[in-house]
Amino acid sequence: MELTQNLHDLLSLRAELVLTAVILLLLGIELFSKGNKTLLRVVSLTGIGVVLILLFGESSTAQKLFIGSNGVPLMIIEPLGTFAKIIASISALFTILFMGINREDSTMVRREGEFMVLLLCTVLGVFFLSSSYDLILLYTGFELLSISSYALAGYNKRSSQSSEASLKYLVYGAASSAIMIYGISILYGLTGTTNIFIIQAILGSGALSGALLLMAIVFLLAGIAFKISAFPFHFWTPDVYEGAPTHFTAYLSVASKIGGFILLLRLILDLFFRKGFNSEILQPVSDLPWNDILIFISIGSMTIGNLVALWQKNIKRLLAYSSIAHAGYLLAGIAALNSTGLVAVLVYFAFYLLMNMGAFLVVILIKNEIHSEMLEDYNGIGSKLPLYAIALSIFLVSLTGLPPTAGFIGKFYILMALVNADLVLLAFFLFLNSVISLYYYVRVMKHLFISKPEKELGEAKQNVYGGVLTLVLAVPTIIFGIFFTPILRLAEAALKFYLP
Amino acid sequence: MSSFPMLTLLTFLPIIGMVIVMMLPKEKRSLIKITTLVATGLQVVLAGFMWAGFNYSQAGINNPATFQFVERIPWITFDSGSWLGMIKIDYFLGVDGLSAPMVLLTALISFIAAISSWNIERSVKGYFALFLLLDTGMMGTFLALDFFLFYVFWEIMLLPMYFLIGIWGGPRKEYAAIKFFIYTLFGSVFILLVMIGLYLSVNEVTGEGATFHTFNILSMMNPSNYTQDGILSPFNPDNLRFIAFIGLFVGFAIKIPMFPFHTWLPDAHVEAPTPISVILAGVLLKLGAYGIIRFNYSIFPEITRELVWWIALFGMINIIYGAFCAMAQKDFKKLIAYSSVSHMGYVLLGMASLNEVGLGGAVLQMFNHGTITAMLFLLVGVVYDRTHTRGLNDFGGLANNLPVYTGFAIVAFFAAIGLPGLSGFISESFVFLGAFKVESIRLLTIISAAGIVLGAGYMLWTMQRVYLGKLNEKWTDLKDLDFREYTMLVPLAVIVFLLGIFPSIMLDLMNTSINELVNQVTKTDFHSIMSGMK
């Protein structure tokens, strides 16, 4: 009986199964068709397309899977996890599309199959992070995401920078994973289980408290902070972002973050806080300084990210520090610990996908033409490649958070959550950070449009495929800044089981 | 009230122009310019129609029923569970006697700036597209009656302005542009936070009886709409209304610009191309004062009453300090920039009086300063185009070979000084009359009056250095005004005379609203509600 039940449950993981099948298929194609490029792309894109259709299909359902003898499930498919899966899948889709145009390294084309396989493995990692309710299973998903990412960061074989990025990522990643699993082991030692629901019940009974529990939480947060590149585990970010192939950087900046954030949300919503809402405010199960910890990391991330970004000369490093700052903004939304904050984080994430992916896309396109990612070489791009330059400006304005772009709506909701939670000072601080960030985002635009080029740009020209992709990301960035109801509805639906 | 979407058209006409400009090939320079001219010209015509259809007896200010040409449609409606995401933002435009003069000013100045932009040579397409976007932002800001909408328009102005100064400006354009951008965005921090605080504190009941938080500015003016525990609610004993007032005030004061937040202005003016200086001085500075009157005064009347002395003090500092700074300048544009600081001080002083005469004078001064300073910047532009210098000491005796030009200059300078018969005189005397009536700020008013003398000092001295005396050898073959320059200067000069002789043209337009505004700011009692609660 239990076996058939488990088999039945396994078949309910449709998106995961399809994804695994696509990974295996890609491996096969890579092996037997000598890396037929068209076939690889068609299979991978269709595969992700099918996964997305499945995900949208189950985006409002909840299903408990693998219910053990003690009555608690190992995995649950529910809307919040599905939201994260959709974000990860969409960014993988764009990454594969970006790969087709990236001309950084000529040998990359021959090894597209490897890239796709590893990329989809990271997506699978996010999938497991999104629906698991057991710390060991969560950790497995976490590592699947991490280890594949280490390899992908070093994917650009000819570049020593890329290898350096990979190694740095690996060393930092290994260290923070180790800290995290130590935290998990403490939690296991305290409670005798790795299942989230049982731990929550034990915490709720008030049997546990004190330094050891706090230590476990801080260690768990270390692993998460690494994944979302938040202070003080952000040091890998600029080097890895700079060294990795740009289309992977784009993916890393979004999918790795959603992986970390879904884990954080899972821990907060299902482990350390009371189930559901009685009021709009989240109630922790034991009196730990959640507010203080989250506010500390949040302020640290945005301040460090924005202040250091001011001095960057390389656009990828600049966007890396901007991504650290954005981790801070997102954490501020969680630090509000109320329902508006949760919705705000998801809304922000959907918009962040658009604007960050878009920014990196334009970086790839411009690098194809001028073979540089240094800001001083961007001089005069505005008149030579107007569409790219205007699109990049739209993405940067959106990252700054100015209306009428999507980024403003995201920031507006986070600020609203903070004011509502009486965290007016944090709100003020967040917006002050946006003012600082304006300086370096605008500096990019200054190079694009105002500064005069020192040398002729030669025959740089825009291509149709790149232009279309840019528009696909830039137009919604504006439209969602004016009509944002659909995304709001999506975020609300994702939190169906958590909102009052 | 007609169903014709007058205000929408007024706001978005420039955007339509912008789309057309964007679609034209960039070689068609004159077609691009003509498109811009037509768009801004139609805006003036529409503004004229609005004026013709304006009912002088309706006050507006805090009553949605007496606003005119109102357009209100739901923009964002998100109605779901009980969490805070339930949000309702209206596309809510309307005009009253406070915004009507500003709308007229914006349309007029934009049109004149478009003419003045005719000699822009570099990336014409980009320039006019941004110019039109800026125009929409300004118009929308004056017309919006929904705080969210207002904020969107307010911020839309920043980026075009940054590029217009940064790309088409003078030698230190990059510095000036980013300084302008960062100062204004810093001010926006406060505005946005206060907006969110008010939103969370104000309820509006819809037709179906459901209560919503609202961004409706007019609802924020009525104490009975506030929730019990909102952080900006008068019912909440720990409310932050005082801090919110200060924050909002600073946000708008940066735009005025009020001392000590004025330092971006001289830089921006000196580096900006002439038409952008005209817009900056003519319209953008008014947005700050308009914001204070529309938001601070009407939404926080009880705190306004407490702080009038401080507003008057900063007004006085602006007047005196601006005048002294102007006196020390050697650059023609910088001089006018500082004279703007000084003249906007009169607006602050008039606002501090809280009576019909003073506030009326302040709003009239906003309009007059817009026209006079626009004229002054155009005049500087005229000589700068011909000589490529703005040094006050490089000129001299221009009256000898540019008699017509000098004639216009004399009109503008004397209007700025406040010569009777010209428009500046009326508004300045109203400001002083109003402010002098109020005992608490009388001393400040008396000191401020010295600004008139100082103003006459630097203006006359400038005229002497530039227009009178012996003609500088270098400029003997300068040509007098051409046709394009006439078309810019004549309308402004006519207005300066007209409003000097018949100020009632403008005063009647805003009279009813100013009375209602004074009523709102002096009578609305947020305090008694609070004590009633306790």
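How much space lies in the second largest pocket? In this predicted model, the second largest pocket holds about 510 Å³. Pockets and cavities were located on a 1 Å grid over the protein atoms alone: a cavity is a set of points where a 1.4 Å probe fits but cannot get out, a pocket is an open set with protein on both sides within 12 Å along at least five of seven lines, and lining residues have an atom within 4 Å of a point. Grid points are joined across faces, edges and corners, and a volume is the space filled by probe spheres set on the points. Residues are numbered from 1 along each chain as its sequence is written, and chains are lettered from A and ligands numbered from 1 in the order in which they are written. Local features need pLDDT of at least 70, side-chain atom pairs count only at pLDDT 80 or more, and totals for chains, interfaces and linings use all residues, while side-chain values use heavy atoms, with hydrogens and water left out.

The lining of the second largest pocket comprises 28 residues, with Trp168(B), Pro273(B), Thr274(B), Tyr384(B) and Asp385(B) nearest its centre. At least two lining residues each come from α6 (158-168), α10 (264-271), α11 (274-299), α14 (356-387) and α19 (483-501) of chain B, where helices (H or I, at least four residues) and strands (E, at least two) are DSSP runs numbered from the N terminus. The most is given by α14(B), with five residues. Twelve nonpolar, seven polar and nine charged residues make up this lining; Ala, Val, Leu, Ile, Met, Phe, Trp, Tyr, Cys and Pro count as nonpolar, Asp, Glu, Lys and Arg as charged, and the others, Gly among them, as polar.

Six cavities of 30 Å³ or more were found, and the largest cavity has a volume of about 80 Å³. Its lining consists of 13 residues, of which His343(B), Gln365(B), His369(B), Ile372(B) and Ala416(B) lie nearest the centre. The largest share of this lining, six residues, is again supplied by α14(B). By class, four nonpolar, eight polar and one charged residues line the largest cavity.

At the interface, 44 residues of chain B are in contact (heavy atoms within 4.5 Å) with 43 residues of chain A. The area buried between the two chains, that is, the accessible area (1.4 Å probe) lost on being put together, summed over both, is about 3800 Å², of which carbon and sulfur atoms give 81%. One salt bridge (a side-chain nitrogen of Lys or Arg within 4 Å of a carboxyl oxygen of Asp or Glu) crosses the interface. This salt bridge pairs Lys446(A) with Glu174(B), the closest N and O atoms being 3.4 Å apart. On the side of chain B that touches chain A, β1 (68-78), β2 (87-95), α5 (147-156), α6 and α7 (173-201) of chain B give two or more residues. The most comes from α7(B), with 17 residues. By class, this side of chain B has 31 nonpolar, eight polar and five charged residues.

Most residues other than glycine have a negative phi, and most peptide bonds are trans. A cis peptide bond joins Pro403(A) and Pro404(A), with omega of about 0 degrees; Pro404(A) lies in the loop between α16 (386-400) and α17 (406-420) of chain A. Another cis peptide bond joins Ile256(B) and Pro257(B), with omega of about -10 degrees, and Pro257(B) is placed in the loop between α9 (241-253) and α10 of chain B. His371(A), not a glycine, has a positive phi of about 55 degrees.
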